[in-house]
Amino acid sequence: MLIRLRKSWELPESCVTPQRLFFNRRAFLAAGAALAAPRAIRAGVPLDRATTPESVTTNYNNFVEFSASKYAAAKAAALKPRPWTVSIGGLCAKPRDVDIDALIKEMNVEERIYRHRCVEAWSMVVPWTGFALKKLVAAAEPKPEAKYIRFESFMDPQVAPFQKQRVYPFPYVEGLTLDEANNDLAFLVTGAYGKPLQNVFGAPLRLATPWKYGFKSIKSIQRISFVSERPQSFWEKLQGDEYGFWANVNPDVPHKRWSQATEEWLGVDGRHPTLLFNGYAQEVAGLYKNLDDKTLFF
Ligand SMILES: Nc1nc2c(c(=O)[nH]1)N[C@H]1C(S)=C(S)[C@@H](COP(=O)(O)O)O[C@H]1N2
Ligand SMILES: [Mo]
């Protein structure tokens, strides 16, 4: 008997996307050499809403390298996402510097429709293209001493003027445990809405960890390292009592400035209840079952 267990990101595209976008995306996926052979198999898993229109999600962003406001798109246009080298190193057997397009070809991208939840209590649904982080981890062959993976964004104050402000500990840094990095859901994003990743989304390479608050989803990644100690993230350095390492979504654990009980869906009126692990408990709760850490949810 052939029974295939569906993954939560395997959504019927036609059910969450206007037809025009659906066909555009198809054409793009078929045409792009860099995006050959999308592997997502789409089965009938309902999502709680339609994908958030691109016109909304590209005009309401957090990208502190470029702007302190939500309107970062125009300034992020200065970023040059090609050519772009990603350095993979630290405690691994196969360190290397790899060109982003070579990496995309090697990793065989697929599409995943993910919820994204910012700690500021707004959320969106975006069709990303990219590949499972665990594929990159496997290729790097981490050593047994490697317990965490550390990500670092680009650093270029000429391109991103906010990086000149000394109060911020640039470059932007984030981290995951190796177990989290090897979870199916952890995704490296190289495209969105059936196109190469727009600058404002963090071109050319960005993380998506949809069960965690959005600040974990680091943009414009240039360096990935396997390390033995827990990395200190950008926001933790800036304000450790507000932004922790784990940052798993939980409606019952308020942030100092934002209740997490409800959230705004970008482009939709009203407020909606927040879901534990942003709705991905089935996939990720197991990662934390032996961890009794009060900081798991901030
Ligand atoms: N390098 C970098 N990555 C970042 C940020 C940032 O300011 N710089 N903001 C984070 C936050 S707080 C969120 S909510 C998401 C926002 O992603 P979006 O702008 O694509 O919606 O990116 C995250 N990744
Ligand atoms: Mo955020």
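A polar contact here is a pair of N or O atoms within 3.5 Å; within protein, one must be able to donate a hydrogen and the other to accept it, and residues adjacent in sequence count only if both atoms are side-chain atoms. Please keep in mind that this is a predicted model, where local features need pLDDT of at least 70 and side-chain atom pairs count only at pLDDT 80 or more, while totals for chains, interfaces and linings use all residues. Residues are numbered from 1 along each chain as its sequence is written, chains are lettered from A and ligands numbered from 1 in the order in which they are written, and side-chain values use heavy atoms, with hydrogens and water left out.

Me: Which residue has a backbone N or O atom 2.8 Å from a nitrogen atom of ligand 1?
Reply: Glu-65 reaches a nitrogen of ligand 1 through a side-chain N or O atom, at 2.8 Å. The contact through a backbone N or O atom, also at 2.8 Å from a ligand nitrogen, comes from Ser-217.

Me: Where does ligand 1 sit?
Reply: A pocket is an open set of points on a 1 Å grid over the protein atoms alone, with protein on both sides within 12 Å along at least five of seven lines; a cavity is a set where a 1.4 Å probe fits but cannot get out, and lining residues have an atom within 4 Å of a point. A molecule sits in one if more than half of its atoms lie within 2 Å of its grid points. By that test, ligand 1 sits in the largest pocket.

Me: Which strand gives the most to the lining of the largest cavity?
Reply: The structure holds 3 cavities of 30 Å³ or more, and the largest has a volume of about 60 Å³. Its lining includes Tyr-114, Arg-115, His-116 and Arg-117. With 4 residues, the top contributor is the strand at residues 110-117 (a DSSP E run of at least two), β3.

How values were computed:
Grid points are joined across faces, edges and corners, and a volume is the space filled by probe spheres set on the points.
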